[in-house]
Amino acid sequence: FTVSNEDGNQALTYPIGLITVDELMLGGLSDGYLNRLSYTYSSSHYWTMSPSYFHASYAAAIELVAYSTGFVNISHNVTYTYGVRPYVIKTV
């Protein structure tokens with residue numbers, strides 16, 4: 001599903017993806033400070049789409065995770081099970 005006919009079927013009105021660490025910080029999450037009032041807060045850990053590095057030994061990407069404790073940190077490789085939160089991007 002895409003938002004334009006140019007490269008797809010235009011079935012989506014708004015693009016959907018995962019949030020980046022930059023957007024988490026703009027949304028009120030501050031690394032190490034637990035802000036339960038932020039819309040980015042969750043009582044569960046969840047993946048962001050912000051990469052950290054590629055681990056050659058594991059042959060896997062290492063991504064940043066938003067933890068329920070308020071930290072954003074390097075996590076395990078992407079084969080670990082964490083939640084995801086869809087992020088709808090509305091352009092004006």
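The model is predicted. Three strands form an open sheet in the order E2-E3-E4, with antiparallel pairing. Strands of a sheet pair through backbone hydrogen bonds.

**The sheet**
- The edge strands are E2 (46-55) and E4 (72-77), and each pairs on one side only.
- From one strand to the next, the twist averages 35°.
- Six of the seven residues of E3 are buried, so the rest of the structure largely encloses this strand. Buried here means under 20% relative accessible area.

**E2 with E3**
- E2 and E3 (residues 60-66) run antiparallel and are joined by six bridges.
- Proline 51 has glutamate 63 in E3 as its bridge partner.
- Tyrosine 53 stands opposite isoleucine 62 in E3.
- The two strands make a hairpin, with four residues between E2 and E3.
- Alanine 59 sits in that turn and has a positive phi of about 50°.

**E3 with E4**
- Four bridges join E3 to E4, and these strands run antiparallel.
- Isoleucine 62 faces asparagine 77 in E4 across this pairing. Isoleucine 62 also stands opposite tyrosine 53.
- E3 and E4 form a hairpin with five residues between the strands.
- In this hairpin, glycine 70 takes a positive phi near 100°.

**A patch on the surface**
- Tyr14, Ile16 and Val88 form a nonpolar patch on the surface.
- Together they have about 280 Å² of accessible area.
- Valine 88 belongs to strand E5 (residues 86-88).

Notes. Residues are numbered from 1 along each chain as its sequence is written. This is a predicted model: local features need pLDDT of at least 70, side-chain atom pairs count only at pLDDT 80 or more; totals for chains, interfaces and linings use all residues. Side-chain values use heavy atoms; hydrogens and water are left out. Two strands pair if DSSP finds at least two bridges between them. Axes are lines fitted to C-alpha atoms, for helices over the stretch in contact, and angles run from 0 to 180 degrees between N-to-C directions. Patches are made of residues with over 30% relative accessible area and no salt bridge: like charges are joined within 9 Å, nonpolar side chains (Val, Leu, Ile, Met, Phe, Trp, Tyr) within 5 Å. Accessible areas come from the Shrake-Rupley method with a 1.4 Å probe; for residues, only the protein chains shown count as cover. A salt bridge is a side-chain nitrogen of Lys or Arg within 4 Å of a carboxyl oxygen of Asp or Glu. Buried means under 20% relative accessible area, exposed over 50%, partly exposed in between (1.4 Å probe, protein chains only).
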